[in-house]
Amino acid sequence: ISKESDRLESLIHDLLELSKIEGSHFLLNWQEVDLHEMIEDVKMMLQEQADKKKIDLKTKVMGNPKIEGDPHRLKQVILNLVNNAISYTPEEGNVTMRVREQAETVLLEVEDTGIGITKKELPRVFERFYRVDRARSRNSGGTGLGLAIVKHLSEAHKARLDVTSEVNKGTTFKVTFYKKGWKRKKTCKSLQ
Ligand code: ATP
Ligand code: MG
């Protein structure tokens, strides 16, 4: 019963988050954010969860990965992606968070050596409530809102979101942020 009520609580939390960020009055609190610091924070937060599955949780940094963004929202994006990576990777696998500075952008990648997603299902994973193979994912107790939240928050940051995957090999989610994302906010309807 306590497991069910935890589930319900997290469902309600995610639904409220989603309704907030889908709304037209959703605003980001733009600040300078160091994604290096942020992935180290996320690593600390999820280390125990990774250890339980003997998953090696790694971080890799190239250059100076600073961007303009909303620190609370960016952490939500990374936490959701890494949570998934750990959930959908069998014991003794690897999960890597990578940030790389490029000319005008900073690339964030979350790579795992997990179960993967089929080509057919891949385009649908960002839909709310969509879960690949319900029977298989039932044990992990999610609700299918995590990636919908990631998608909306990436859009609000004017970032590009990509995913590549191979069944039984692993999955990589990529988010490409403009260093000066706030400059683009005028073009974003939901931020006017
Ligand atoms: P929650 O709302 O608790 O996050 P969830 O993890 O099921 O639940 P999403 O995070 O939106 O929901 O992910 C949707 C589906 O995409 C998952 O159910 C899973 O089938 C698939 N998926 C997401 N990330 C991965 C991954 N790294 N590897 C394999 N499958 C994944
Ligand atoms: Mg999830």
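Helix H5 (146-156) is largely enclosed by the rest of the structure, because nine of its eleven residues are buried. Buried here means that 20 or more other C-beta atoms lie within 10 Å of the residue's own; exposed means 12 or fewer, partly exposed is in between, and the C-beta atoms are placed from the backbone. The buried ones in H5 are Gly 146, Leu 147, Ala 148, Ile 149, Val 150, His 152, Leu 153, Ser 154 and Ala 156.

Before I go on, this is a predicted model: local features need pLDDT of at least 70, side-chain atom pairs count only at pLDDT 80 or more, and totals for chains, interfaces and linings use all residues. Residues are numbered from 1 along each chain as its sequence is written, while chains are lettered from A and ligands numbered from 1 in the order in which they are written.

One more piece of wording: helices are DSSP runs of H or I with at least four residues, strands are runs of E with at least two, and both are numbered from the N terminus.

What covers the buried residues of H5? The cover includes helix H1 (2-22), helix H3, strand E6 and strand E7 (170-178).

Now the packing of helices. Two packed helices are described by the angle between their axes and the distance between the axes. Axes are lines fitted to C-alpha atoms, for helices over the stretch in contact, and angles run from 0 to 180 degrees between N-to-C directions. For H3 and H5 the angle is about 145° and the axes are 9 Å apart. The crossing of H3 past H5 is left-handed; that is the case where the near helix is turned anticlockwise from the far one by less than a right angle, and clockwise gives right-handed.

On the H3 side of this contact are Arg 73, Gln 76, Val 77, Asn 80, Leu 81, Asn 83 and Asn 84, and they meet Gly 146, Leu 147, Ile 149, Val 150, Leu 153 and Ser 154 in H5. Contact means that the C-beta atoms of two residues, placed from the backbone, lie within 7 Å. By class, the contact of H3 with H5 has six nonpolar, six polar and one charged residues. Nonpolar covers Ala, Val, Leu, Ile, Met, Phe, Trp, Tyr, Cys and Pro; charged covers Asp, Glu, Lys and Arg; the others, Gly among them, are polar.

H3 also packs on helix H2: their axes come within 10 Å and cross at roughly 35°. H2 passes H3 in a right-handed crossing. From H2 the contact takes Met 38, Ile 39, Val 42, Leu 46, Gln 49 and Ala 50, and from H3 it takes Leu 74, Lys 75, Ile 78, Leu 79, Val 82, Asn 83 and Ile 86. In classes, the contact of H2 with H3 has ten nonpolar, two polar and one charged residues.

Next, the sheet. Strands of a sheet pair through backbone hydrogen bonds, either parallel or antiparallel. Here five strands form an open sheet in the order E2-E4-E5-E7-E6, with mixed pairing; two strands pair if DSSP finds at least two bridges between them. Strand E2 (56-62) and strand E6 (160-166) are the edges, each pairing on one side only.

E2 and strand E4 (residues 94-101) run parallel and are joined by seven bridges. Thr 59 stands opposite Met 97 in E4. Helix H2 (residues 35-52) lies across E2, E4 and strand E5 (105-112), at about 175° to E2.

Then the ligand. Which residues are closest to ligand 1? They are Tyr 88, Val 132, Gly 142, Gly 146 and Leu 147, out of 22 that surround ligand 1, where near means a C-beta atom, placed from the backbone, within 6 Å. Helix H3 (71-87) and H5 are the elements that give two or more residues to this shell. H5 provides the largest share, three residues.

Last, the whole chain. The protein chain has five helices and seven strands, and buried residues make up 31% of its 192 residues.
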